[in-house]
Structure formats: structure tokens, C-alpha cells
Amino acid sequence: MRRRQRPPLPKRHGLDPARLRFPEQGHWASARDHLVERLPRVDPARIDEMLAAGEIVDLTGPLTPDAPFVPGGAVWFHRDLPVETEVPFEIGIVHRDDDILVIDKPHFLATIPRGQHILQTALVRLRRDLDLPDLVPAHRLDRVTAGLILFVVNPAARGAYQTMFHHRTVRKEYEAIAPYDPALELPRTVRSRIVKEKQVIAAQEVEGEPNAETEVELLEHRDGLGRYRLRPHTGRTHQLRLHMNSLGVPILGDDFYPVLTDKSVDDYTRPLQLLAATLAFTDPISGQPRRFETARSLRAWTDLPGWSGSAVE
């Protein structure tokens, strides 16, 4: 296996620099000309600033503004970060050892950097706050879903823990708060075909062979609401939210299903009432059984008026 090349720039905010490989052939007279064409979203003046400041480097050091284009070469640089609003909720630490870290993620915090969420993500916060620069997630949760995520601390153990999730040998349980329908027969297993198209925010259920399966169980109900246990056997995008919606009991706080609503990313009111409550598996390193449980609860069940009108966790 080809060893990954070590970046010649250090991490910044817990993030590796971007790597850009030059094509083997090209008509560009300089590296700067290629970068301007290759990075159309970056103002050419900004590229000039980075070159002048020595912020774009190859394996020999910073590129000069007139550095030639080198076919097959590579450069590294740190991308400019978007302006982000701080997510004002803390990450809970459930377990930490030499191999893994299990956290209790709050609502509204993305798992990994993507799009407009970079510094305000669980991965970047944890790398910085716990001084764990090699930390990686073994799986992910949606930004609006709270609960348990397993990260891998030891780089040598990454494959073993990530493979558990890929092969779906981890037993997951979620809790959800949704309307109570006395006519809905539960428990039941919901199966459907879910597709998610690129550049389309919401996923959808379509005709065809099922590729998503969820066990749905009603734990208790009161005042028109139900507290549900959800056990996914697959991991399709928005699977639990779609399956609850298909049963006619959409999860409280869902801004996608049944109706897509435009909610600002810094609006922390009415969080989605979905919680990754339990992770259980046989440890691939030690062979011992492991089980982790969230310390969080869903506020709409204990304080519906507070959940409806307050951003406080």
C-alpha cells in the first residue's frame, strides 16, 4: 500500500492543510497561473497574497510568486475559513482510553468539517481541546441530532473500529419524541428505499427494493406525544426521520420532513428531538463487550413549553 505523503505544513485549528496535485501535463507558465485556474472560487488577489506571504508550499519550501509550474508536483496550503457563529453547547465526554473516545454530542454541532461548518464541529473542537491531533470519527451524526459518537484516538486502530460501523456490527439505539397515534400498531419494522441526490438537501423514499430498515417501538406516551425507541439496521441519510414521517408521526423539531423549512444555522431553538442513546459492540481490539449510554435527554418530553420557546439545552 502506498504510504500517504506527510504534509510539509503543520495542522491549523486541528485541520490538515489542503493538498493540490498538479497534472502531469499543462500549458501554465507558472504555478500561480495554474492555481488561479484551478481555484476559481478564490480571488486571484488572495492567491497572490498567499504566495507573497509564503503560505503556499511544496516539499522544498514556500513557493515564490514566479515559481514555475511543475508537472506532477504538489502544493499545500491552508484554506481560508468561513465566518462561523459559535455553537454555545458543550460536548460531553462519556469514555476515553488509549484507543477510543466516546462523546455525547449536543444538537446543532456538526461531526466533521464541511461547507460552512469548520471550527464549530466536534472533530475540530476535540482535536484542539483534548490535544488529540490524530483523532478521527468512526461514524457520524447529523448536525441536528444529539448523542453518542465514537472517535478513534489511536491511528493504528482506525481500521478496526471504522470497519465495525461499515459492516454494521454495532448495535445502535435512538430515542425520539413525536406525536402519539393510538391507531399506529407498534412495535414494527419499517422498510423502504431511500435515495439522496447530490445538491438536494432532503432525501426521499421511492419505489423499489428496500435499502433502509428501522425497528420502531413506543416506550410510553402522554399528552399527545410518544417517546419512541428506534433501532436502525441500515444507515441511509435521514433514515430515522423519513421512517417516522412515513408512519405519520414526524419527529418534533424536524425542519426537513414532512415540510422543508428555512431555518438559520444560528437558530438554536426547537432542536430536533432525536438522540443517539446507546452504542454497543464487541471491541475489535480487546474482544470485550462494550456498551455506552447517553447522559442527555430530550427536552420536549420533560419540558415541552421550554423546548418550544428556548434555545437552552
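Predicted model: local features only at pLDDT ≥ 70, side-chain atom pairs only at ≥ 80, totals over all residues.
Let me start with a strand pairing: E9 and strand E14, residues 274-282, pair in the antiparallel sense, over 6 bridges.

Strand E9 has another partner. Strand E13, which covers residues 225-232, is joined to E9 by 6 bridges, and the two run antiparallel. Here proline 179 has leucine 225 of E13 as its bridge partner.

Now to the largest pocket. Which elements each supply at least two residues of its lining? E9, residues 171-179, is one of them, along with helix H4, residues 158-166, and helix H5, residues 239-246.

The volume of the largest pocket is about 1900 Å³. Its lining comprises 49 residues, and those that lie nearest the centre are Arg114, Asp142, Arg143, Thr237 and His238.

Last, a helix pair. Two packed helices are described by the angle between their axes and the distance between the axes. Helix H1 spans residues 31-38 and helix H2 spans residues 44-52; their axes come within 10 Å and cross at roughly 140°. Antiparallel would need an angle over 145 degrees, and H1 and H2 are therefore oblique to each other. As for handedness, the crossing of H1 and H2 is right-handed.

Notes: Residues numbered from 1 in each chain as written. Heavy atoms only, no water. 1 Å grid on protein atoms, 1.4 Å probe; cavity = no way out; pocket = protein on both sides within 12 Å on 5 of 7 lines; lining within 4 Å. Points joined across faces, edges and corners; volume = space filled by probe spheres on them. Helix = DSSP H or I, 4+ residues; strand = E, 2+ residues; numbered from the N terminus. Pairing = 2+ DSSP bridges. Axes fitted to C-alpha atoms, helices over the stretch in contact; angles between N-to-C directions. Parallel < 35°, antiparallel > 145°, perpendicular 65-115°, else oblique. Left-handed = near helix turned anticlockwise from the far one by under 90°.
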